[in-house]
Amino acid sequence: MSKNWFVIHARSGYEAKVKIAIEEAVTREGIEDLVEEILIPTEQVVELKGGKKKETERKFFPGYMLIKMELTEPSWLLVKNTNNVIGFIGGSSGKPSPITQREVDRIFTRVQEGADKPKPKVAFQPGEEVLVVDGPFNEFNGTVESVNYEKSLLTVEVLIFGRTTAVELEFSQVEKT
């Protein structure tokens with residue numbers, strides 16, 4: 001038999017503990033040849049805390065993880081009986097079905113993009129009020145006119161000397177009010 005990717009549903013917030021528990025159980029049971037890889041799909045995000053940029057990881061699918069394994073009775077039971085595992089996604093309760101290679105490729109592409117260029121943790125919308133927290137317009141309020149997620153830039157209308165002026169700011173230079 002060949003190894004396929006399956007989706008495991010775990011309690012949200014326990015994905016890392018489940019991954020470690022499965023890896024330890026696989027070693028303990030001596031079935032390393034059946035389980036190849038466990039992946040918790042994440043991306044890097046940038047948030048502003050205390051005026052400083054901080055990169056953190058965010059899960060794409062909280063409560064879900066991928067496992068590449070050969071589906072046998074021992075491997076299925078090992079995963080299914082791990083603490084904080086709710087079950088497999090897809091197929092029937094006794095026989096889960098793997099996800100397609102296209103779905104796997106899409107997830108891996110998204111993980112790679114998230115690692116290459118971190119996304120902002122906060123999403124901005126045109127019309128939102130923001131406070132400039134860095135740069136020459138520090139402590140000015142403004143309204144978001146446009147958002148460029150590719151370059152992490154905002155065009156913000158700021159009131160300067162009684163006139164509104166469009167200024168281009170990085171995501172890290174503003175916060176929502």
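Thr-143 stands opposite Glu-157 in strand 10, within an antiparallel pairing of strand 9 (residues 141–148) and strand 10 (residues 153–160) that extends over six bridges. Helices (H or I, at least four residues) and strands (E, at least two) are DSSP runs, numbered from the N terminus, and two strands pair if DSSP finds at least two bridges between them. The model is predicted, so that local features need pLDDT of at least 70 and side-chain atom pairs count only at pLDDT 80 or more, while totals for chains, interfaces and linings use all residues. Residues are numbered from 1 along each chain as its sequence is written, and side-chain values use heavy atoms, with hydrogens and water left out.

- Strand 9 and strand 10 form a hairpin with four residues between them; in the turn, Ser-152 has a positive phi of about 55°.
- Strand 9 also runs antiparallel to strand 8 (residues 129–132), to which three bridges join it.
- In that pairing, Val-130 stands opposite Gly-142 of strand 9.
- Gln-173 is placed in the loop between strand 11 (163–170) and strand 12 (174–176).
- With a relative accessible area of 14%, Gln-173 is buried (buried means under 20% relative accessible area, exposed over 50%, partly exposed in between, with a 1.4 Å probe and protein chains only).
- Neighbours within four places in sequence aside, Gln-173 is in contact with Leu-131, Val-132, Val-133, Asp-134 and Gly-135, where contact means heavy atoms within 4.5 Å.

- An open sheet is formed by four strands in the order 2-5-1-6, with antiparallel pairing.
- Strand 2 (35–39) and strand 6 stand at the edges with a single partner strand each, so one side of each is left without a neighbour in the sheet.
- From one strand to the next, the twist averages 30°; axes are lines fitted to C-alpha atoms, for helices over the stretch in contact, and angles run from 0 to 180 degrees between N-to-C directions.
- Strand 1 and strand 5 run antiparallel and are joined by six bridges; the bridge partner of Asn-4 in strand 5 is Met-69.
- Helix 1 packs on the sheet, where it touches strand 1, strand 2, strand 5 and strand 6; the direction of helix 1 makes about 20° with that of strand 5.
- Helix 2 lies across strand 1, strand 5 and strand 6, and runs at about 135° to strand 6.

**Helix 1**

- The 15 residues of helix 1 (residues 15–29) should span 21 Å at 1.5 Å a residue, and the end C-alpha atoms are 21 Å apart, which agrees; the expected span is 1.5 Å times one less than the number of residues.
- Its buried residues are Glu-15, Val-18, Ile-22, Ala-25 and Val-26.
- These residues cover an arc of only 100° around the axis, which puts them on the same side of helix 1; the arc is that of the directions from the helix axis to the C-beta atoms.
- An α-helix has 3.6 residues a turn, so residues three or four places apart point the same way.
- The exposed residues Lys-17, Thr-27 and Arg-28 are carried by the face of helix 1 turned away from its buried side.

**Helix 2**

- Ser-75, Trp-76, Leu-78 and Val-79 are the buried residues of helix 2 (residues 73–80).
- They cover an arc of only 165° around the axis, which puts them on the same side of helix 2.
- The buried residues of helix 2 pack against strand 1 (4–10), helix 1, strand 5 (64–69) and strand 6 (85–89).

**Ile-89**

- Ile-89 is found in strand 6 and counts as partly exposed at 38% relative accessibility.
- Residues up to four places away in sequence not counted, Ile-89 touches Val-7, His-9, Tyr-64 and Ser-97.
- Ile-89 and Val-79 are ten residues apart in sequence and 12 Å apart in space, C-alpha to C-alpha.

**Nonpolar cores**

- The largest nonpolar core has 21 residues, of which Ile-8, Ile-22, Ile-67, Met-69, Val-79 and Phe-88 touch the most other members; a nonpolar core is a set of buried Ala, Val, Leu, Ile, Met, Phe, Trp, Tyr and Cys residues joined through side-chain atoms within 4.5 Å.
- Two or more residues of this core come from each of strand 1, helix 1, strand 2, strand 5, helix 2 and strand 6, and helix 1 gives the largest share, four residues.
- A second, separate core of twelve residues includes Val-132, Leu-154, Val-156 and Leu-169.
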